[in-house]
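These are my notebook entries on a structure that I looked up. I record what I checked, entry by entry.

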Amino acid sequence: MRRHLLIGYIALSAGVALLASCVAPREPALDGSALGQPPARRPNIVLIMADDIGIEGFGCYGGTSYETPMIDSLARDGVRFTQCHSQPLCTPSRLKIMTGRSNIHNYRHFGIMDPDEPTFGPMMRQAGYATAVAGKWQLYGAENYGELAGTGMHPREAGFDEYCLWQIDTLGSRYWDPLIERNGRVLDDVVGTYGPDIFCDFICDFIERHKDGPFFVYYPMALVHNPFVPTPDSANRESKNRQRNFADMVAYVDGLVGRIVTHLEELGLRENTMILFTADNGTNRRITSMMGQRAVRGGKGLTTDAGTHVPLVVSWPAGGATGAVCEDLVDFSDFVPTIAEAAGIDPASAGLQPDGRSVLPQIRGEPGAPRQWIFCYYNPRPGRKGFPERRFARDARWKLYGDGGLFDLRADPQEEHPIDAPAENAAAVEARRRLRAAIDSFPEQPTRIPPPPPVEGLQ
């Protein structure tokens, strides 16, 4: 594993207070006016991405199985986007949200990000932001990835001043007695501790040390990915009930978000901090949740809405709309241009060429320039059975696959009945024409070098 010289390290809130130094040199900071944003009004930005949970997991989207009062409150006080779509699986979504690019441009293999790929980390540093990442990494190639191990992007190469992460080069527990690396040092004395608490403590400490701002925190949560185990708040710490434990894990996600919000309020930073909450893909397929009287089975890994339809709640008291619901399409490629505009920087100045477009106007309550379609290229484990290559374009109603399959998502959300071309009405014909043009606007073949042979047993 490639190593670097640490200048310092930090401890969490358990009584030891050590200052951390940057682990890489900073690029020259811009003045924040590149896109017309006065430097003094640039918001702090906290991007939170839960792991494996679709919209049915949250009360503000009509979910009735779980308790999510804090996230629901952020939705009431901010903007709730109803049509945000991720990639169907974790690594594909992580590449897309960090680079703003479709997977057809930069995807190599599951658990791997090209170490030369531009991401939003250096971009935010160039804009003068202190940067940190905490939670789940899964982009470097852990020890069980065979010849792929260590061929991906290490967090110190991704533009973050500090990091506190699970699954960099070794595997281990992400929950109880976790295996976590913080700024180059694997934590010891973790017996009896809970990984998500360590990540949250790290973030709160980072925020406090950078309260003079601006700061950018990327928080790809470990929760609520399996294994489904009890949390510190579970009534029964020995529970083996998958559904009950999952409910406790969702509640814990909400509580961690609440801890960050409360910390920002205590430091007087909440007003000008933009919090974005989303998820990397749909819920695990072994979990069934309720939306009123309707049972919703998780669709993680599937290209249906059950695999891609995720929450996006944005709360920014100083500059965002209040109590708004936005039905515009949002793709994960839109996050880079959105936070870039908020930070007052052109992504191109940091080497990024995002496929997406900013939704900052919609966050502010303005019309913006809504996208007319979303394109998805999905090939998470090239050459491996069970994960066939797929590509599609969609809007809020219609979805067209590269092989010609067209679906009316309003009438057929599970995509069980493709529309036969001879039977198409005028609306379907127009949707097919428009979405085929969208698919054809992307390369026919991935632009990355063909990946190495698949590795069995990836986590």
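This is a predicted model: local features need pLDDT of at least 70, side-chain atom pairs count only at pLDDT 80 or more; totals for chains, interfaces and linings use all residues.

**Entry 1: strand β1.** I looked up the burial of β1, which covers residues 44-50. Seven of its seven residues are buried, so the strand is largely enclosed by the rest of the structure. I then took its two faces separately. N44, V46, I48 and A50 are buried on one side, and I45, L47 and M49 are buried on the other.

**Entry 2: the partners of β1.** Which strands pair with β1 in the parallel sense? I found β8 (residues 273-279), joined to β1 by seven bridges, and β7 (residues 215-220), paired with β1 over five bridges. As points of reference I noted that N44 stands opposite T273 in β8 and that M49 stands opposite P220 in β7.

**Entry 3: strand β11.** β11 pairs with β8 in the antiparallel sense over three bridges, and F277 stands opposite V313. Strand β2 (residues 79-85) also runs antiparallel to β11, with five bridges between them. The bridge partner of V79 in β11 is V314.

**Entry 4: helix α6.** I compared the span of α6, residues 242-266, with expectation. At 1.5 Å a residue, its 25 residues should span 36 Å, and the end C-alpha atoms are 36 Å apart, which agrees. N241 caps the N-terminal end, with a side-chain oxygen 3.1 Å from the backbone nitrogen of Q243. After α6 comes G268, whose phi is positive, near 75 degrees.

**Entry 5: the largest pocket.** I recorded a volume of about 570 Å³ for the largest pocket. Of its 21 lining residues, R294, D305, H309, P413 and Q414 are the closest to the centre. Which element supplies the largest share of the lining? I found that β10 does, with four residues. β10 (294-297) and α7 (305-308) each supply at least two residues. By class, I counted nine nonpolar, five polar and seven charged residues in the lining.

Note on methods
Residues are numbered from 1 along each chain as its sequence is written. Side-chain values use heavy atoms; hydrogens and water are left out. On a 1 Å grid over the protein atoms alone, a cavity is a set of points where a 1.4 Å probe fits but cannot get out, and a pocket is an open set with protein on both sides within 12 Å along at least five of seven lines; lining residues have an atom within 4 Å of a point. Grid points are joined across faces, edges and corners, and a volume is the space filled by probe spheres set on the points. Ala, Val, Leu, Ile, Met, Phe, Trp, Tyr, Cys and Pro count as nonpolar, Asp, Glu, Lys and Arg as charged, and the others, Gly among them, as polar. Buried means under 20% relative accessible area, exposed over 50%, partly exposed in between (1.4 Å probe, protein chains only). Two strands pair if DSSP finds at least two bridges between them. The expected span of a helix is 1.5 Å times one less than its number of residues. A polar contact is a pair of N or O atoms within 3.5 Å; within protein, one must be able to donate a hydrogen and the other to accept it, and residues adjacent in sequence count only if both atoms are side-chain atoms.
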